[in-house]
Amino acid sequence: MRFNEGADLDTSQVTDQRGMGGLITLGGGGLGILGVIIYFVISQFGGGGTGAAPGFGDIGPNEQVGSSSLEERCRTGADANRDADCRAVAFINSIQGYWSTQLDGYRLAETNFFSGGVQTGCGNASSATGPFYCPADSEVYIDLNFFQELQQRFGAAGGPFVEGYVLAHEYGHHVQNLLGTSAQVGQATGPTSGSVRLELQADCYAGAWANHATTTPTAQGEPLITQVTDQDVAAALDAAARIGDDYIQRELGGGEVDTTQFSHGSSAQRQKWYTVGYQTGDPSQCDTFNTNDLG
C-alpha cells in the first residue's frame, strides 16, 4: 500500500505521550470498567496473565522519542511512506475521515501513543493490555511496539495495512460508543456473547473502512491512500486469524480451547466479519447483534 505523497497529514488527532514516564501498573479500579472494550485479553495467554508479554514497553527504533515532534516529522503522505509514526497518523486521519462521511454527528477521537504505561479515563494501563479504546474519555491508546509484538509473539505476517486494521478496529469501538452500542453490552463471555458480537462488529467496521481507503478524501479533497493490494488485505486477514480467541488459547495459552471464555471471537469469525465489511463497504451490513450466523 502507498500514501499520496502530496497529501497533508493532521497530527492534531494524535497525542504522543512516549518518554513521559515509566511503567504504570493496573490497579486502583484499573481497567475493570473497560470490560470487553479492551482489544486483547492478556489473561488468555495462560497462567494468571500478570506479566507483560516480551517486547512490550520498549522504545522501538522507529519511535525517535525526543528527536522531534510528530508535527515536525509528519507533514505529508511522503512522510507516512517512510516513517512508521507518520504512517500511524495517516491511518488515523483516513479512518476518521471515512467515519466523518458515514456517521452524522461523528466526533473526532484522539489517539494516544504511549510506551510502558498510561493514565486513561478508564484507569491506568500497561503496554501489555494491547491497543484499546476507552469509552470514558472517548480516546484510543496504543503502544506502537505492539505491531512488532504481533509478528514476533503472535506469528503474524505483519505489514503496514495490518496497522491500519488494528487502528480501524479501535475506531470501530469509538463508533459503537457514539451509537450507544457499547453501553448495551455486558461482560459475559461465550461464543455468541455480546462481547464477541461487539468485537466482530468492530472488525467488520474496520473492513468497511478498508473498502473505502483509496477513495476517502482528506480535507484538501484528495485520497490519502492511493493503493491497497490483495497482499495488504491478505495480511490483515492473517492478523485477524492470529488474534482469535481460539488461536490465543491454543498457541499462547495452555493449549486447550474453552469457548465459554471467548470474548473477541474465533479466528474464523474475525476473518469472516472483516471480509463482510471489506467486500460490502457498508457498515449497515455489520449487524452482528441480529444474526444467528456469526460464522
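Ser138 is found in the loop that runs between β6 (132-134) and β7 (139-142). In this predicted model, the residue has a positive phi of about 55 degrees even though it is not a glycine. Most residues other than glycine have a negative phi. With a relative accessible area of 22%, Ser138 counts as partly exposed, because the buried class requires a value under 20%.

**Overall architecture**

- The protein contains nine helices and eight strands, and buried residues make up 54% of its 295 residues.

**Helix α6**

- Helix α6, which covers residues 194-212, has 19 residues and reaches 27 Å from its first C-alpha to its last, close to the 27 Å expected at 1.5 Å a residue.
- This helix is mostly covered, in that 16 of the 19 residues of α6 are buried.

**Helix α7 and its surroundings**

- Helix α7, formed by residues 230-242, has 13 residues and reaches 19 Å between its first and last C-alpha atoms, which is close to the 18 Å expected at 1.5 Å a residue.
- The buried residues in α7 are Asp232, Val233, Ala235, Ala236, Asp238, Ala239, Ala240 and Ala241.
- The elements against which the buried residues of α7 pack are the helices α4 (146-152), α5 (160-179), α8 (245-252) and α9 (267-280), together with the strand β8 (225-227).

**The α5/α7 pair**

- Two packed helices are described by the angle between their axes and the distance between the axes.
- For α5 and α7, the axes come within 8 Å and cross at roughly 55 degrees, which means that α5 is oblique to α7.
- The crossing of these two helices, α5 and α7, is right-handed.
- On the α5 side, the residues that take part in the meeting are Phe161, Val162 and Tyr165, while on the α7 side they are Asp232, Val233, Ala235, Ala236, Ala239 and Ala240.
- Asp232, Val233, Ala235, Ala236, Ala239 and Ala240, the residues of α7 that meet α5, are also listed among the buried residues of α7.

Conventions
Residues numbered from 1 in each chain as written. Predicted model: local features only at pLDDT ≥ 70, side-chain atom pairs only at ≥ 80, totals over all residues. Heavy atoms only, no water. Helix = DSSP H or I, 4+ residues; strand = E, 2+ residues; numbered from the N terminus. Expected span 1.5 Å × (residues − 1). Buried < 20%, exposed > 50% of the residue type's maximum accessible area, 1.4 Å probe, protein only. Contact = heavy atoms within 4.5 Å. Axes fitted to C-alpha atoms, helices over the stretch in contact; angles between N-to-C directions. Parallel < 35°, antiparallel > 145°, perpendicular 65-115°, else oblique. Left-handed = near helix turned anticlockwise from the far one by under 90°.
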